[in-house]
Amino acid sequence: ILQKDYIGIDLNSELVEWHKECGRNIKLADARTFKYDGICSVFICPPYYDTRNNRCVEDYAFSNFDDQCKELTECQWLSIVMANVPNAVEYVMVCKSVTDEFKPYIVESKINHSHFGNNKEYVVVVSNI
């Protein structure tokens, strides 16, 4: 649809199979350890940790997911992916919090009205073009 070469990863095996059936380039993997040296675009929407209920906001339901999620901020996820996929043309992240390091790369923000209440959502784009 976007006419871009990309690689996707997810920890949910059912979603990975569905994406593969749709012809998408996606792997079952963990972003913290996944390595890819091809030229591509990267889009990530990392787990969001909600301090109000001490839970991770994602559709995963496996042992210790919340504890693993608390270990990293959303921007740390982006830094890991940038290191693990060094030849990307661009890195696009949708997230709820942005560290000072990545604030210059915010291209859009909006108030999101979800079941978590009103919260701000950001689009961060780091380009290597």
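**Exercise 1. Decide whether Asp30 is buried or exposed, and place Asp30 in the fold.**

*Step 1.* Asp30 has a relative accessible area of 19%, so Asp30 is buried. The cut-offs are under 20% for buried, over 50% for exposed and in between for partly exposed, with a 1.4 Å probe and protein chains only.

*Step 2.* Before going on, a word on the model: it is predicted, local features need pLDDT of at least 70, side-chain atom pairs count only at pLDDT 80 or more, and totals for chains, interfaces and linings use all residues. Residues are numbered from 1 along each chain as its sequence is written, and side-chain values use heavy atoms, with hydrogens and water left out.

*Step 3.* Now find Asp30 in the loop that runs between β2 (26-28) and β3 (40-44). Strands are DSSP runs of E with at least two residues, helices are runs of H or I with at least four, and both are numbered from the N terminus.

*Step 4.* Look for partners beyond four places in sequence: Asp30 is in contact (heavy atoms within 4.5 Å) with Ile9, Leu11 and Trp77. For Ile9, 21 residues apart from Asp30 along the chain, the C-alpha separation is 7.1 Å.

**Exercise 2. Find the salt bridges of the whole structure and describe their residues.**

*Step 1.* Apply the criterion: a side-chain nitrogen of Lys or Arg within 4 Å of a carboxyl oxygen of Asp or Glu. The search gives three salt bridges.

*Step 2.* Return to Asp30, whose side chain meets that of Arg32 in a salt bridge at 2.5 Å, N to O. Arg32 is partly exposed, at 24% relative accessible area.

*Step 3.* Next, Glu121 and Lys96 pair through their side chains at 2.8 Å, N to O. Because Glu121 sits in strand β8 and Lys96 in the loop between β6 and β7 (106-114), this pair ties together parts that are 25 residues apart in sequence. Glu121 is partly exposed at 25%, whereas Lys96 is buried at 18%.

*Step 4.* Finish with Lys103 and Asp100, whose closest N and O atoms are 3.3 Å apart. Here Lys103 is partly exposed at 45%, and Asp100 is exposed at 62%.
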